[in-house]
Amino acid sequence: MRRLVAKGVVGIARVLAGGNVRRVGFTPDERQRIYFANHASHLDFVLVWAALPPKLRAMTRPVAARDYWHRPGFRRYLGVKVFNAVLVDRQPAQSSPQTAMDILLEGLGERHSLIIFPEGTRGDGSTIAPFKSGLYRLGKARPDVELIPAYINNLNRVLPKGEFVPVPMLASVSFGEPMHVGEDEEKNAFLDRARNAILELRQW
């Protein structure tokens, strides 16, 4: 059942958003990776996930807001059962023993890949906000895992902020060259480099 729903989600994503995929120095394979992308819509991770080959989708977990994707009903079924999302509290309880980074590293484990959005919140689709530190910390904690920039173009017009009904538009996902945090690279320098890697994909 989950496989059928997953195929349906991929088909809908491609109808709604075109689903054009570009690979610039990126070759999909089954190694662990962390895909990081710009964020302008609740459909962002769906399009990135749908742009991956089926075998990679099965091992790739989007990172998503628990308060949005864990509500009772079909949305939670999609988030938990179909996407196998790593759900993070945007406002974690101070009493919680786990930090957001603990949850991400646990979700990554030894076999999964992740899809994350380093801006931390949805933008307007025309600009990319400065990145939060999570991507840097993940890269430092797991230097063995490649970091893959991904630029999502035009998806904010498919599901604009505040809207609930998608509008078919031509969107695309561009994947860039793998990168790592340099051994002695400072946080701000890396985050600027990672953000620029996404900005450079706009030309493709």
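In strand β6, the bridge partner of Y35 is I148, and β6 (residues 146-153) pairs with strand β2 in the parallel sense over five bridges, where two strands pair if DSSP finds at least two bridges between them. The model is predicted, so local features need pLDDT of at least 70 and side-chain atom pairs count only at pLDDT 80 or more, while totals for chains, interfaces and linings use all residues. Residues are numbered from 1 along each chain as its sequence is written, and side-chain values use heavy atoms, with hydrogens and water left out.

Strand β2 (residues 33-37) also runs parallel to β5, and the table sets out the two pairings.

| Partner of β2 | Bridges | Bridge partners |
|---|---|---|
| β6 (residues 146-153) | five bridges | Y35 and I148 |
| β5 (residues 113-116) | three bridges | I34 and L114 |

Strands (E, at least two residues) and helices (H or I, at least four) are DSSP runs, numbered from the N terminus. In β2, five of five residues are buried, meaning under 20% relative accessible area with a 1.4 Å probe, protein chains only. R33, Y35 and A37 point one way from β2, whereas I34 and F36 point the other way. In a regular strand the side chains alternate between the two faces of the sheet.

Helix α7 (residues 134-141) has L135, Y136, L138 and G139 buried. Seen down the axis of α7, these buried residues fall within an arc of 165° (taken from the directions from the helix axis to the C-beta atoms), so they line one face of the helix. Among the elements that cover them are β2, β5 and β6.

Note on methods. Buried < 20%, exposed > 50% of the residue type's maximum accessible area, 1.4 Å probe, protein only. Contact = heavy atoms within 4.5 Å.
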